[in-house]
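Grab a pencil and work through the exercises below. Have a look at the model first.

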Amino acid sequence: MSLMEISNLYKSFGGLSAVLDFNFHMEQDELVGLIGPNGAGKTTVFNLITGVYKPDQGSIIFKGRDLVGLAPYTICAQGVARTFQNIRLFNDLTVLDNVKIAAHKDVPYGLMSAILRTPYFFKGEDQIEQQAMKYLEIFKLDKKKNELAKNLPYGEQRRLEIVRALATSPQLLILDEPAAGMNPQETQELMELIRLIRDKFNLTILLIEHDMSLVMGVCERLYVLDYGQIIAEGTPQEIRSNIRVIEAYLGEEVE
Amino acid sequence: MLELTQQIVNGLSLGAIYALIALGYTMVYGIIKLINFAHGDIMMVGAFVGYFSLTMLGTNILIAMLTAMAACAILGVLIEKIAYRPLRNSTRIAALITAIGVSLFLEYITIFILGPSQKVFPDSAFPIKAYDIAGLSILNKDLFVFVSAVVLMLILQYIIKWTKTGKAMRAVSLDQEAAVLMGISVDKTISITFAIGSALAAAAGVMVGVYYNTVNPLMGIIPGLKAFVAAVLGGIGIIPGAMVGGFVMGLLETMVSGYGNSLYRDAVAFGVLILILLIKPSGIFGKDTGEKV
Amino acid sequence: MQKNKLIKFSTEVIILAVLFSLVQYLITTGLLNQYYQINLTSMCINIILAVSLSLINGFTGQLSLGHAGFMAVGAYASVIVTNMWDYPFIAGLLAACAAAGLAGFIIGVPTLRLKGDYLAIATLAFGEIIRVTLQNIDYVNGPAGILGIAKLTTWPWLFGATVLTILVAVNLINSSYGRAIISIREDEIASELMGINTTKYKVLAFVIGAMFAGLAGAMYAHYFYIIKPETFNFLKSFDILVMVVLGGLGSTTGAIIAAISITALTAALQSFPAIRMILYALILIIVMIYRPQGLMGNKELSLKTFGRIWSGRK
Amino acid sequence: MLEVKEIDVYYGAIHALKKLSINVEQGSIVTLIGANGAGKTTTLKTISGLLRPRSGAIYFKGNEITKVPPEKIVGLGISQVPEGRRVFASMSVMENLEMGAYLRKKKSEINSDLENVFTRFPRLKERSRQMAGTLSGGEQQMLAIGRALMARPQLLLMDEPSMGLAPLLVKEIFEIIKDINSRGTTILLVEQNANMALSIADYAYVIETGEIVLQGNARELMHSEDVKNAYLGG
């Protein structure tokens with residue numbers, strides 16, 4: 001059984017179809033890219049999977065359960081985590097708190113313990129902190145744990161978003177343009193990091209990316225979206241030479 | 001049946017006042033997405049300007065209304081420039097809190113200068129007469145309020161629909177960036193919106209003076225809130241919505257005082273507000289829009 | 001680490017004990033006259049109100065303008081229990097918290113779906129509805145209110161209630177639950193997508209805030225002899241809002257400092273109420289324009305800060 | 001006519017344009033092509049004054065316009081057809097066109113331009129009283145172009161006019177662009193649809209992550225492998 005199987009997904013906004021009969025599947029441990037020209041509907045697909053939008057039609061089966069209609073936090077609890085195209089960190093909180101918040105669903109003490117400061121509380125807090133630090137170390141952000149998220153340089157903010165998503169202990173990690181705004185060297189590092197966390201945490205990863213060198217370099221399989229529909233699927237090499245893809249990006253050959 | 005008709009007649013003039021105030025709320029919200037909490041207090045200032053124009057300058061009621069409108073137009077523009085413009089790019093909460101501040105400021109600076117007591121509108125400014133039409137008793141002040149409010153609303157409709165300025169106002173409220181690309185000055189357009197909205201509130205203030213016969217520094221609060229409810233009821237940001245909402249509120253209120261318990265009169269407005277917010281926050285004429293991620 | 005915690009804890013206990021005994025001594029010996037005692041009471045009540053509203057407006061980021069309504073519920077509930085049914089004060093206090101918390105829940109569940117200014121207006125409307133409803137209930141004398149309430153609010157009760165409020169607020173905020181609450185303020189959508197049930201935590205903060213507003217109402221009723229619905233109108237809610245905004249949206253110590261300063265300012269300007277309100281208005285406007293995060297922002301003042309100043313290091 | 005000199009533009013923390021320079025000769029069609037997120041729209045917004053460069057300068061007909069407010073730039077003769085069309089949805093087609101002529105005073109000239117727009121886009125004339133939001137995507141694009149023309153621009157900036165349109169419509173739009181240019185309006189065209197853009201342009205710039213990586217005669221770039229690589233990774 002596929003880890004995630006999306007069938008006949010439709011979504012329109014005020015009469016404009018954003019996603020149109022979208023079909024898609026992902027296997028355990030795969031690293032898949034979703035690409036396509038501007039306005040093709042990629043982020044809309046992510047918003048549908050994570051419950052930000054409700055689809056007009058279709059199903060999103062994840063680990064055998066349909067995610068359609070579930071609240072975003074429930075979908076997160078099922079094991080789906082994501083980052084955002086325009087970074088959405090908790091800006092006025094520290095790096096460490098950003099990660100701790102994402103670990104909230106595993107909080108090992110009750111509300112009364114927190115208010116009465118019982119030993120459970122202190123033990124639980126230590127546990128959460130250790131867990132958070134572990135992730136921060138992997139992403140080389142541990143030394144910045146007490147800085148406010150908004151004060152991090154741009155590339156580190158992007159990394160912190162990934163850390164935060166990982167801290168929800170997901171099975172499927174969805175990355176929305178993780179390299180946007182990064183320079184080539186940062187992009188290179190990010191590529192290696194994505195491979196590393198995939199292996200280390202047994203993750204399945206789905207990403208949207210504009211930077212073709214990243215997509216082609218890191219993804220095993222690609223889907224190409226145009227006008228809300230999948231127009232091609234295959235390995236990076238296949239995609240690169242696919243006429244429909246070239247047309248979607250560059251337009252039809254003229255003359 | 002006759003009594004019901006009588007209640008409707010009474011409700012129409014009150015509704016017209018609410019509609020005028022609601023228009024200002026809705027226009028300002030439409031263009032800068034701010035609930036101008038001080039709008040009811042601008043109405044109060046208008047009422048006082050009208051009062052002093054009648055008593056100290058001895059003008060007639062129409063001149064008093066025009067004076068009040070001019071004065072409040074300037075006041076509205078100043079408030080926007082000083083208090084709201086610096087906050088245009090900050091959070092809506094910050095803007096709302098500032099508006100609350102402006103509201104308190106207008107109320108208490110008026111109390112500070114004029115004292116807290118109410119002032120009686122001079123009878124000579126508007127001698128009350130009652131007409132008997134088909135068994136209904138219609139007061140000339142009701143007629144005056146209704147007719148002048150409708151005239152003002154027609155003028156507003158004309159400005160918004162047909163003049164270049166009105167079209168620019170609509171363009172800015174629809175898409176600020178695209179409007180700039182047409183060469184429209186956003187700052188200037190927002191100023192004009194405040195001027196028009198405040199002038200309408202001032203006219204309503206003078207009408208409230210005629211209607212209730214008194215003015216006081218806190219008189220803007222309750223009608224202001226009710227007019228706000230009217231604006232939300234019609235769909236905030238939508239001009240015809242404010243007019244309809246205003247009349248609905250006025251009728252509802254006279255019905256409740258006429259048939260029910262007048263102590264609950266003010267609660268009705270809040271009850272209506274909560275019902276709309278919970279059932280259809282975008283109001284009767286509004287479209288629901290989701291947040292972008 | 002463990003030792004540091006112990007030292008911190010004992011320092012706090014000692015400071016509180018000294019503060020309590022000092023004031024108790026001043027009251028018993030009559031050194032603190034009636035005028036100052038009234039102001040001290042107002043100060044404590046305002047601290048409870050500001051800290052509890054700060055939980056909603058400052059930490060959860062949900063602008064509520066109906067706090068006075070919950071204060072009214074608490075005041076009336078406690079007076080019914082003590083004055084009319086003759087139960088002891090503690091029962092009145094518990095009833096106040098329970099009733100206000102319940103009111104918070106009933107109002108919070110439907111309204112907290114709304115955002116920003118819509119929520120602000122809805123809470124303001126609910127606050128006013130509470131007031132109008134009280135005006136129409138004959139059992140509590142309608143607009144005239146209830147007179148001759150026993151003066152049960154003494155310094156130990158007041159001190160206990162204030163410390164309890166601060167303690168609960170601070171402990172809640174500095175826990176996983178508190179972080180979940182703050183994340184809603186920072187970015188509600190991101191919070192929801194990180195697995196936080198935002199509705200649940202908004203309601204939680206709202207209910208806890210309402211409970212303590214109710215407690216403040218009970219303290220108020222049993223000190224000032226009389227309560228009437230008009231006392232708890234939306235201007236009272238604005239009063240509390242001014243404290244929270246001035247202190248800093250997201251700072252408990254800020255709320256406390258602002259509550260103390262505003263109470264002092266109010267006392268000093270007692271004979272010039274209009275000037276007081278003009279000052280409030282200017283504070284709101286100027287703070288929002290020049291320092292929209294409030295004076296303290298989301299920073300907290302702690303013993304450590306004092307320690308640092310004391311020892312002169314940075 | 002337009003000279004963009006080494007501008008640096010930041011979007012918050014992102015360095016969106018890095019020392020970007022572009023020249024547009026009077027009477028020509030110049031195109032700026034590149035993949036999503038490369039900085040095409042940012043460039044146009046900076047020229048229109050909606051964004052401010054942190055360094056560098058922009059000259060129009062020899063005068064610096066770097067610090068001129070956006071609503072004044074329109075008056076100098078630069079109009080923009082923004083990305084995603086951005087028509088005023090709940091205003092009529094006619095009102096949208098009137099807004100395009102907002103800064104102009106002479107009624108007779110405006111009316112004759114209006115006639116020209118209607119001749120060029122007969123469908124807009126049929127629908128002149130309809131709300132712009134109810135038009136189809138292609139019609140909205142025509143309206144956006146017509147609206148920009150109502151300002152009688154000397155330089156027309158076009159941001160992805162082909163986006164979201166069916167291939168047949170794309171061809172139609174590009175014919176129109178050629179025609180507008182042949183009547184004397186200089187055009188700076190930003191496009192993702194490289195093949196189409198190169199087929200009508202005189203000169204082209206290829207932008208990648210905020211930098212010009214390639215430029216030259218449009219015909220010559222047309223069959224260059226480098227262009228394809230800039231889009232699909234090399």
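This is a predicted model: local features need pLDDT of at least 70, side-chain atom pairs count only at pLDDT 80 or more; totals for chains, interfaces and linings use all residues.

Residues are numbered from 1 along each chain as its sequence is written, chains are lettered from A and ligands numbered from 1 in the order in which they are written, and side-chain values use heavy atoms, with hydrogens and water left out.

**Exercise 1.** Work out how the axes of helix 3 and helix 10 of chain C cross.

*Solution.* 
- Step 1: Find helix 3 (residues 67-84) and helix 10 (residues 234-247) in chain C; helices are DSSP runs of H or I, at least four residues.
- Step 2: Their axes come within 7 Å and cross at roughly 115°; axes are lines fitted to C-alpha atoms over the stretch in contact, with angles from 0 to 180 degrees between N-to-C directions.
- Step 3: So helix 3 of chain C is roughly perpendicular to helix 10 of chain C (65 to 115 degrees).
- Step 4: C:His67, C:Ala68 and C:Met71 meet C:Lys236, C:Ser237 and C:Ile240 (heavy atoms within 4.5 Å).

**Exercise 2.** Find the largest cavity and what lines it.

*Solution.* 
- Step 1: The whole structure holds 7 cavities of 30 Å³ or more; a cavity is a set of points on a 1 Å grid where a 1.4 Å probe fits but cannot get out, and lining residues have an atom within 4 Å of a point.
- Step 2: The largest has a volume of about 110 Å³, the space filled by probe spheres set on the points.
- Step 3: Of its 14 lining residues, B:Phe37, B:Asp41, B:Ser103, B:Glu107 and B:Ile221 are the closest to the centre.

How values were computed
Helices (H or I, at least four residues) and strands (E, at least two) are DSSP runs, numbered from the N terminus. Angles under 35 degrees count as roughly parallel, over 145 as roughly antiparallel, 65 to 115 as roughly perpendicular and the rest as oblique. On a 1 Å grid over the protein atoms alone, a cavity is a set of points where a 1.4 Å probe fits but cannot get out, and a pocket is an open set with protein on both sides within 12 Å along at least five of seven lines; lining residues have an atom within 4 Å of a point.
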